[in-house]
Amino acid sequence: MSIHIEHHSKLTNQQHLDDIWALLCRYDQAFVPPLSARENTYQSNLLGGQLVAGKPRKYFETLKEQSFLIALNEHQRVVGFMSYRPEYVCQDLEDPLETTYVTTIIVEEEQRGKGITTTFYKTLFARLEPMETVTTRTWSTNDDHIHVLMKLGFEMVKSIEDSRGEGIDTVYFRKTIEGESD
């Protein structure tokens, strides 16, 4: 199966949006907390959200306003995506600075382990200027994503203990783009 990556500053293709909605619904519960319990893609307080029939509608509404890298199969269907906010200042960090903030990554289960997430990050890095930074966050038990981040040279810059439940921390990672060697 051939996969190719496309960039969209604003995603307007309705089929792609429908595919992303389907991915959000399918993998909603794989996130901690579930996406359906979140108001948006960048909220600070991740505890105490209300599940809304398993449908992450509010999350999707803020997601649609972001930039995307999408992985398309040979039928032009989205099998994975990365959403991000350029020029975002993350106030949760002690040293807030303007950054490209990766908010969401989902890859179809049957496509995992094929390097799509790594390709998303490398594609994003190639779009940025040297000395720009990329920031993201995840939960402390999301070992697969943390492994990719560490492999790509991200550094953990903050951990918020038990912020997603007992024993589950929110961890922030940052990488400064160095240029050609990335």
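Buried, in these notes, means under 20% relative accessible area, with exposed over 50% and partly exposed in between (1.4 Å probe, protein chains only).

I'm working from a predicted model, where local features need pLDDT of at least 70, side-chain atom pairs count only at pLDDT 80 or more, and totals for chains, interfaces and linings use all residues. Numbering starts from 1 along each chain as its sequence is written, and side-chain values use heavy atoms, with hydrogens and water left out.

**β7**

I checked the cover on β7 and found 6 of its 7 residues buried. Helices (H or I, at least four residues) and strands (E, at least two) are DSSP runs, numbered from the N terminus. Then I looked up its partners; strands pair if DSSP finds at least two bridges between them. β5 (residues 133–139) pairs antiparallel with β7 over 7 bridges, and Val 134 has Lys 175 as its bridge partner there. β6 (residues 155–160) also runs antiparallel to β7, joined by 5 bridges; Lys 158 is bridged to Tyr 172.

**Cores**

Next I went for the nonpolar cores, meaning sets of buried Ala, Val, Leu, Ile, Met, Phe, Trp, Tyr and Cys residues joined through side-chain atoms within 4.5 Å. The largest has 23 residues, and Tyr 121, Phe 120 and Leu 124 are among those touching the most other members. Elements supplying at least two residues each include β3 (78–89), α3 (116–127) and β7 (170–176). I noted α3 as the top contributor, with 5 residues.

Another core lies apart, with 19 residues, among them Leu 17 and Tyr 59.
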